[in-house]
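The entries follow in the order I looked things up.

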Amino acid sequence: MNQINKILPLLFVSGALLAAPAWQQQVGTVAQDAAQTAAIAKTVPPADYAAFVAEVVKAVDALPLAPEAKVARQTQLARQLIAASPSARKADTVAAIYAAVPISSLAAINETLARAFDRQRNNLTEAQFQAIAANILKRTADAVSKAEFPVARMSAALAVFQAAGPLTSDQASKLADDVLPSTFNKPLVVEVANEAAKGNYNPLQDMTDAKMVFDSASRSANDARKADNQLLATPPVIFNPVKTDSAQGQELLGALSAQALPPVGVGMNDLPGLTTVDDPQTINPRPDPDTPEAPPTPPPYQGQTH
């Protein structure tokens with residue numbers, strides 16, 4: 001048996017031995033092979049899903065991988081775990097990810113999810129997007145308050161929605177005022193989020209002394225965002241918004257939004273832009289229209305003919 005799957009199958013509670021949930025024995029499998037996420041997630045009771053997410057994230061951190069490879073696994077799994085989560089648990093899943101991932105992975109997670117959460121790519125109105133953001137951020141505030149560096153984690157979570165909206169700094173500040181409890185330093189959260197939303201994670205690093213680690217995909221996204229922000233006076237709409245015709249995922253509006261909005265035809269795959277795809281390495285499940293197709297592969301050289 002793989003060592004990471006050797007999880008104690010019994011828990012001692014009030015003097016009695018209770019069987020641990022069956023999903024605990026699958027945590028290591030998911031951590032080592034993200035392709036197994038969807039199948040195993042189906043066996044996890046909805047009430048246990050956030051705990052399952054936290055255990056998977058911790059298991060990845062324990063793997064003997066180089067920092068960049070570890071972050072690549074974490075960003076891939078973040079996407080897969082949200083995609084596989086029950087509709088009513090997606091907001092809790094996002095919150096659990098921000099509470100559990102290592103601080104050094106926050107920037108890469110943000111670069112991955114900012115594209116997937118993009119409001120226009122998901123064909124959401126501003127009101128729908130802000131309702132969903134408010135609900136997820138409320139749950140995130142509760143989850144990260146029990147974790148190390150809660151202000152840094154909360155800043156990153158606010159930044160991903162600020163980038164995905166995109167939201168102005170005033171809109172992000174109002175969102176923070178609406179959802180954050182008084183235990184958070186709201187001005188500091190907003191200040192750090194404003195920079196992270198533009199791709200600048202230096203303030204986040206400074207407040208935690210943790211160097212942000214990127215995998216190749218999230219590094220490329222971050223470099224592109226910073227270059228865009230150097231050219232434009234205001235933050236651009238991130239990552240080439242794409243609208244789709246898909247009717248899937250409509251029921252998720254009610255589950256994700258703070259106002260429990262009724263399902264409407266929002267034309268999205270699986271809000272917030274995350275779905276199981278054939279290639280789990282793909283960050284964007286929808287093609288960007290301005291990305292040129294690869295040229296056809298020429299036939300093999302047959303030698304000179306006479």
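This is a predicted model: local features need pLDDT of at least 70, side-chain atom pairs count only at pLDDT 80 or more; totals for chains, interfaces and linings use all residues.

**Helix contact, then rings**

From helix 5, I listed A91, D92, V94, A95, Y98 and A99; they meet N135, I136, R139, T140, A143 and V144 in helix 7. I sorted this contact by class and got 8 nonpolar, 2 polar and 2 charged residues.

Next I looked up the geometry. Helix 5 spans residues 90-100 and helix 7 spans residues 126-144. They pack at an angle of about 40°, with their axes 8 Å apart. Helix 5 is therefore oblique to helix 7. I noted the crossing of the two as right-handed.

Then I turned to the rings. I counted 5 aromatic pairs. One of them is W23 with F52, an edge-to-face pair at 5.8 Å centre to centre and 85° between the planes. This pair links distant parts of the chain, 29 residues apart. W23 sits in the loop between strand 2 and helix 1, and F52 in helix 3.

Y201 is in the loop between helix 10 and helix 11, F214 in the loop between helix 11 and helix 12, 13 residues apart. Both Y201 and F214 are buried.

Last entry: W23, Y49 and F52 form one aromatic cluster.

Note on methods: Residues are numbered from 1 along each chain as its sequence is written. Side-chain values use heavy atoms; hydrogens and water are left out. Axes are lines fitted to C-alpha atoms, for helices over the stretch in contact, and angles run from 0 to 180 degrees between N-to-C directions. Helices (H or I, at least four residues) and strands (E, at least two) are DSSP runs, numbered from the N terminus. Angles under 35 degrees count as roughly parallel, over 145 as roughly antiparallel, 65 to 115 as roughly perpendicular and the rest as oblique. A crossing is left-handed if the near helix is turned anticlockwise from the far one by less than a right angle, and right-handed if clockwise. Contact means heavy atoms within 4.5 Å. Ala, Val, Leu, Ile, Met, Phe, Trp, Tyr, Cys and Pro count as nonpolar, Asp, Glu, Lys and Arg as charged, and the others, Gly among them, as polar. Rings of Phe, Tyr and Trp (its six-membered ring) pair if their centres lie within 6.5 Å; planes under 30 degrees apart count as stacked, over 60 as edge-to-face and the rest as tilted. Buried means under 20% relative accessible area, exposed over 50%, partly exposed in between (1.4 Å probe, protein chains only).
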